[in-house]
Amino acid sequence: MGTAVDAVAKEANGSVTEKKPTVVFVLGGPGSGKGTQCANIVQHFGYTHLSAGDLLRAEIKSGSENGTMIQNMIKEGKIVPSEVTIKLLQKAMQESGNDKFLIDGFPRNEENRAAFEAVLFQYMLSLRVIDVCAEIKSFLQTKIEPEFVLFFDCPEEEMEQRILSRNQGREDDNVETIRKRFKVFLESSLPVIEYYDAKGKVRKIDAAKPVEEVFEAVKTIFTPKEKVKCHRCAIL
Ligand SMILES: Nc1ncnc2c1ncn2[C@@H]1O[C@H](COP(=O)(O)OP(=O)(O)O)[C@@H](O)[C@H]1O
Ligand SMILES: Nc1ccn([C@@H]2O[C@H](COP(=O)(O)OP(=O)(O)O)[C@@H](O)[C@H]2O)c(=O)n1
Ligand SMILES: [Mg+2]
C-alpha cells in the first residue's frame with residue numbers, strides 16, 4: 001500500500017471513492033506481548049484489533065468443519081493453511097465497519113503474506129476504493145502492503161516465562177509446544193519480518209521491558225509526526 005497505489009489508480013481512469021484501509025501487521029515471537037500491546041493501541045488510536053490466533057480459536061469453539069484440523073495444527077504449533085485464516089480475517093474486517101486494522105500474529109509465513117496481499121487487494125476492489133483496468137489490476141496486485149510492521153523483539157527465555165504464566169488455558173501453552181512454536185517462528189515467521197525490513201517497513205520494539213515502557217515506544221510509532229516546515233515551505 002502507499003501513495004503509489006492511489007496515483008496509479010487515478011492515472012488509469014479509475015476512481016478513488018473511499019478511504020483505503022490501513023493495515024498494520026503486529027508480529028513477534030509467541031509471548032512477546034502482541035496481544036497485550038494491541039489492546040493498548042486500540043484504546044489510544046482507534047484501530048480494530050484482529051488476532052489470527054484468537055479467530056482460529058473461536059472457529060474451533062464454533063464447531064466449524066475445520067475445527068478439528070485447526071485444533072490439531074495449533075496443538076502442534078503448526079501454521080494453519082492461509083485460506084482458512086484469511087477467510088476469518090476478511091470476514092472480521094468486513095464486519096468491523098472500521099478502516100484501521102491491527103492484524104496480530106499474521107502473516108506468520110511466506111504463504112500467509114502473499115495470500116493476504118492478494119486478498120487485501122480484492123477487498124479494496126470490493127469497497128470500490130480502487131476501480132481499474134485488468135493490466136493495472138495485475139500491477140497493483142503486487143503493490144498491496146501494510147502501512148508498517150510492528151515487531152516485538154524479545155528473547156526466548158523471557159517469552160517462555162511469560163507463556164508459562166499466561167494462564168489462559170491454551171492447549172499450546174506447554175513447554176513441548178512452545179519449543180515447536182519457537183522453531184516455527186525462527187524458520188517461517190522471521191523471514192517475513194526480514195522481507196518487510198528490506199522494504200523499510202519494520203518498526204522494531206524492545207519487548208523485553210515492562211508493559212508500560214513497551215507501550216511508550218509503541219506510542220511514539222503511532223503518534224503522527226509533526227512536520228517541521230522551513231521558512232520557504234511555510235510561505236508556500
Ligand atoms: N512487557 C511485558 N512484561 C511482562 N509480561 C508481559 C509483557 N507483555 C505481556 N506480558 C504477559 O505475557 C503473556 C503473553 O503476552 P501476550 O500479549 O499474550 O503475548 P503474545 O500475544 O505475543 O503471545 C501475558 O500473560 C501477558 O500478560
Ligand atoms: N497466522 C496464524 C496465526 C496463528 N496460527 C496458529 O495459532 C497459534 C497461536 O497463535 P497466537 O497468535 O494466538 O499465539 P501467540 O503468538 O499470541 O502466543 C499458532 O501457534 C498457530 O498454530 C496460525 O496457524 N496462523
Ligand atoms: Mg497473542
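This is a predicted model: local features need pLDDT of at least 70, side-chain atom pairs count only at pLDDT 80 or more; totals for chains, interfaces and linings use all residues.
The lining has 46 residues, and Lys34, Arg108, Arg166, Arg170 and Arg181 lie nearest the centre of the pocket. I then looked up which elements give two or more residues to this lining: strands E1 (22-28) and E2 (48-51), and helices H2 (34-45), H3 (52-61), H8 (156-164), H9 (175-197) and H10 (211-222). For the space in the largest pocket I noted about 890 Å³.

Next I asked what sits there. I found ligand 1 in the largest pocket. I listed 13 residues around ligand 1, the closest being Gly31, Lys34, Thr36, Arg166 and Lys209. By type, this shell divides into three nonpolar, six polar and four charged residues. H2 gives the most to the shell, three residues.

I checked backbone atoms against the ligand. Gly31 has a backbone N or O atom 2.8 Å from an oxygen atom of ligand 1. For Ser32, I noted a polar backbone atom 3.3 Å from an oxygen atom of the ligand. Val211 places a backbone N or O atom 3.3 Å from a nitrogen atom of ligand 1. Ligand 1 taken alone exposes 560 Å², and I noted that the protein buries 76% of that.

Last, I turned to the second largest pocket, with about 260 Å³ of space. Of its 13 lining residues, Glu59, Val84, Lys87, Leu88 and Lys91 are the closest to its centre. I saw that helix H5 (82-96) and H3 each supply at least two lining residues, and that H5 has the largest share, seven. I counted five nonpolar, three polar and five charged residues in this lining.

Terms used:
Residues are numbered from 1 along each chain as its sequence is written. Chains are lettered from A and ligands numbered from 1 in the order in which they are written. Side-chain values use heavy atoms; hydrogens and water are left out. On a 1 Å grid over the protein atoms alone, a cavity is a set of points where a 1.4 Å probe fits but cannot get out, and a pocket is an open set with protein on both sides within 12 Å along at least five of seven lines; lining residues have an atom within 4 Å of a point. Grid points are joined across faces, edges and corners, and a volume is the space filled by probe spheres set on the points. Helices (H or I, at least four residues) and strands (E, at least two) are DSSP runs, numbered from the N terminus. Ala, Val, Leu, Ile, Met, Phe, Trp, Tyr, Cys and Pro count as nonpolar, Asp, Glu, Lys and Arg as charged, and the others, Gly among them, as polar. A residue is near a molecule or strand if one of its heavy atoms lies within 4 Å of it. A polar contact is a pair of N or O atoms within 3.5 Å; within protein, one must be able to donate a hydrogen and the other to accept it, and residues adjacent in sequence count only if both atoms are side-chain atoms. Accessible areas come from the Shrake-Rupley method with a 1.4 Å probe; for residues, only the protein chains shown count as cover. A molecule sits in a cavity or pocket if more than half of its atoms lie within 2 Å of its grid points.
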